[in-house]
Amino acid sequence: MGPSVAVEPARLEERAPAFRLIFQHLTANEREQRVATALHLVERGELDPAGLLVARQGGVVGAMLCQVLPGASGLVWPPQTVLAAGQREWEDLLVRRAVDWMRRQGAKLGQALMSLREAPLAAPLVRNGFAHITRLSYLRRLLSPSDRPPPVARRLTCQSYDCCDQALFHRTLLRTYEDTLDCPEISDVRDLDEVIAGHRAQGKHDPALWWLARDGDRPIGVLLLTEMPEWEAWDVSYVGVVPEARRCGLGRELMIHALTEAQAAGVSQMTLSVDDRNRPAWHLYRSLGFEPYDQREVYLAVWEKGNLRITPSDTHPEGREGQSPVCS
């Protein structure tokens, strides 16, 4: 019988070898680029080294990366191991330890977003409680100084988050999740504070880019944009309309509002992601000139079910202090 297997965070000297093992499926050049990027993110504090796990049996025989994100969610990269008789056991131990660590850190769900060519690597996740739920498509629309969004009959008034009744914004956001077609599997997992925290953590948060939309005096939807400085882009983090106001063209008007604001700010492109099952949203975005540029397979594990709810801080008339994921 060989030595027992230990699964622990990688030691300092093991980090580069662990990342090389995780990215072993890539070409040598791609692998070294990914390793260098990952190590740089660890140095900058953008990757938690406690989530870089290794399996040791004599030496390092497997590695896996997991991270806990704001908003009670976790992100994982599947385990990779050396080619040997024990690799299935090592993979399963790594996934179970990763899930245990993320749950102890407060994550209620875990996701893996895999490119089409890398999706087969997710088999150890599926064996250990993750399920493939959908394909996520990434779209973008390039903007230029001469570009003009499509004309639309104006029905809505939009008030930014830093100026609106934030309790009303939160209640409206909750209503837009009813019967959602975008990753409905996670719609009732986290509470509202956690959902807001997850959105705030994306890109460079600016409350002036979050809007509450009204049709007359009636709140009908929300629009959340995020500045992505590295892409010179704004991302549509979320757009939602309450159930009784759907199929009336108001989602289209909200998207045109987003394009108009981006155009006025001199943004070079707008990006978004959409659950492929959400065909109405897909057709809306395509009709507005958004083009697909990438796709990801979504694997999900939900560990703690809850209910989206209003908490005391959400009903305070002054709202909450702002602070800076997909399905998110």
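## Arg-247 and the model

Arg-247 sits in the loop between β10 and α7. Helices (H or I, at least four residues) and strands (E, at least two) are DSSP runs, numbered from the N terminus. Arg-247 has a positive phi of about 60°, although it is not a glycine. Arg-247 is exposed, with a relative accessible area of 78%. Exposed means over 50% relative accessible area, buried under 20%, and partly exposed in between (1.4 Å probe, protein chains only).

The model is predicted: local features need pLDDT of at least 70, side-chain atom pairs count only at pLDDT 80 or more, and totals for chains, interfaces and linings use all residues. Residues are numbered from 1 along each chain as its sequence is written, and side-chain values use heavy atoms, with hydrogens and water left out.

## The sheet

Twelve strands form an open sheet. Their order is β1-β2-β3-β4-β5-β12-β6-β11-β10-β9-β8-β7, and the pairing is mixed. Two strands pair if DSSP finds at least two bridges between them. The edge strands are β1 (6-9) and β7 (156-160), and each pairs on one side only. From one strand to the next, the twist averages 30°. Angles run from 0 to 180 degrees between N-to-C directions; axes are lines fitted to C-alpha atoms, for helices over the stretch in contact.

## Strand β10 and its partners

Strand β10 is mostly covered, with eight of its nine residues buried. What joins β10 (residues 233-241) to β9 (residues 218-228)? Eight bridges do, and the two strands run antiparallel. Val-222 stands opposite Gly-240 in β10. Leu-225 has Val-236 as its bridge partner in β10. The hairpin of β9 and β10 has four residues between the strands. Within that hairpin, Glu-232 takes a positive phi near 50°.

β10 also pairs with β11, in the parallel sense, over four bridges. Trp-234 stands opposite Met-270 in β11.

## Helices on the sheet

Helix α6 (residues 192-200) lies across β8 (210-215), β9 and β10. Its direction runs at about 120° to β8. Helix α7 (residues 250-264) packs on the sheet. There α7 touches β6 (131-142), β7, β8, β9, β10 and β11 (269-275). The direction of α7 makes about 160° with that of β10.

## Helix pair α7 and α8

Two packed helices are described by the angle between their axes and the distance between the axes. The axes of α7 and helix α8 (residues 279-287) come within 11 Å and cross at roughly 45°. α7 and α8 are therefore oblique to each other. Angles under 35 degrees count as roughly parallel, over 145 as roughly antiparallel, 65 to 115 as roughly perpendicular and the rest as oblique. The crossing of α7 and α8 is right-handed. A crossing is right-handed if the near helix is turned clockwise from the far one by less than a right angle, and left-handed if anticlockwise.

Gly-251, Arg-252 and Met-255 of α7 make the contact with Leu-284, Tyr-285 and Ser-287 of α8. Contact means heavy atoms within 4.5 Å. By class, the contact of α7 with α8 divides into three nonpolar, two polar and one charged. Ala, Val, Leu, Ile, Met, Phe, Trp, Tyr, Cys and Pro count as nonpolar, Asp, Glu, Lys and Arg as charged, and the others, Gly among them, as polar.

## Helix pair α1 and α2

α1 and α2 pack at an angle of about 135°, with their axes 9 Å apart. That angle makes α1 oblique to α2. Their crossing is right-handed. On the α1 side, Arg-15, Ala-16, Phe-19 and Arg-20 take part. They meet Arg-31, Glu-32, Val-35, Ala-38, Leu-39 and Val-42 in α2. This contact has six nonpolar, no polar and four charged residues.

Which residues of helix α1 (residues 15-22) are buried? They are Ala-16, Ala-18, Phe-19, Leu-21 and Ile-22. Their cover includes α2 (28-43), β2 (52-57), β3 (59-69) and β4 (73-81).

## Two buried loop alanines

Ala-72 lies in the loop between β3 and β4. Its phi is near 60°, a positive value in a residue other than glycine. Ala-72 is buried, with a relative accessible area of 12%.

Ala-107 is found in the loop between α3 (87-104) and β5 (109-114). Is Ala-107 buried or exposed? Ala-107 is buried, at a relative accessible area of 4%. Leaving aside neighbours within four places in sequence, Ala-107 is in contact with Ala-72, Ser-73, Gly-74, Met-102 and Trp-303. Ala-107 and Glu-118 are eleven residues apart along the chain, and their C-alpha atoms are separated by 24 Å.
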